Amino acid sequence: MTDQRIKVLIADDNDHVRTILSRVMSRQSDLRVLGAVESGEKACEAAACAKPDVLLMDVRMDGMGGVEAAEWVTSHVPGVSVIGMSALESDAAVEAMRDAGAVDFVPKLASMDHLVQSIRAATAMARLLPAP
């Protein structure tokens, strides 16, 4: 029997945010958290190794930011749906993440239900598309 849960990787430079997101996602029976990393560089490395279904990516991180990391992941790791996140919900941040290949953008102030629904929707859409 194969594990059908949605595999989620979290990338955020704030330890508290990573902890909260990991706990919330772990409580969902259809989600499985693969890990939580603190930088864009580590997000790229972890995505390439773990092959998550969804990568929750903070826009602003030290070093390689979320936009650059999202662009790398969407170009190099087929099948990963990137969802951008930011405490600052600016049109520029949303547009930059979408241009980098993110399928959605969820403000950090949004409800956890909103974020979970975004993960489920991104995965459902990806599963409808032909494999790359």
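## Exercises on a predicted model

Aspartate 15 and arginine 18 form a salt bridge, with their closest N and O atoms 3.1 Å apart. The model is a predicted one, so let's work through it step by step.

**Exercise 1.** Work out how far along the helix aspartate 15 and arginine 18 are separated, and whether each is buried or partly exposed.

*Solution.* Start with position: both residues belong to helix α1 and are three residues apart, which means a separation of about one helical turn. Next, take accessibility. Aspartate 15 has 49% relative accessibility and counts as partly exposed, whereas arginine 18, at 12%, is buried.

**Exercise 2.** Find which parts of the chain are linked by the salt bridge of aspartate 12 and lysine 108.

*Solution.* First, the contact: the two side chains meet at 2.7 Å, N to O. Aspartate 12 sits in the loop between β1 (6-11) and α1, and lysine 108 in the loop between β5 (104-107) and α5, so distant parts of the chain, 96 residues apart, are linked.

**Exercise 3.** Describe how helices α1 (residues 15-26) and α5 (residues 112-128) pack.

*Solution.* Begin with geometry: the angle is about 65° and the axes are 11 Å apart. Angles of 65 to 115 degrees count as roughly perpendicular, and α1 and α5 therefore fall in that class. Their crossing is right-handed. Finally, list the contact: Leu21, Val24 and Met25 of α1 meet Met112, Leu115, Val116 and Ile119 of α5. By class, this contact has seven nonpolar residues, with no polar and no charged ones.

How values were computed. Residues numbered from 1 in each chain as written. Predicted model: local features only at pLDDT ≥ 70, side-chain atom pairs only at ≥ 80, totals over all residues. Heavy atoms only, no water. Axes fitted to C-alpha atoms, helices over the stretch in contact; angles between N-to-C directions. Helix = DSSP H or I, 4+ residues; strand = E, 2+ residues; numbered from the N terminus. Parallel < 35°, antiparallel > 145°, perpendicular 65-115°, else oblique. Left-handed = near helix turned anticlockwise from the far one by under 90°. Contact = heavy atoms within 4.5 Å. Nonpolar A, V, L, I, M, F, W, Y, C, P; charged D, E, K, R; others polar. Salt bridge = Lys/Arg side-chain N within 4 Å of Asp/Glu carboxyl O. Buried < 20%, exposed > 50% of the residue type's maximum accessible area, 1.4 Å probe, protein only.
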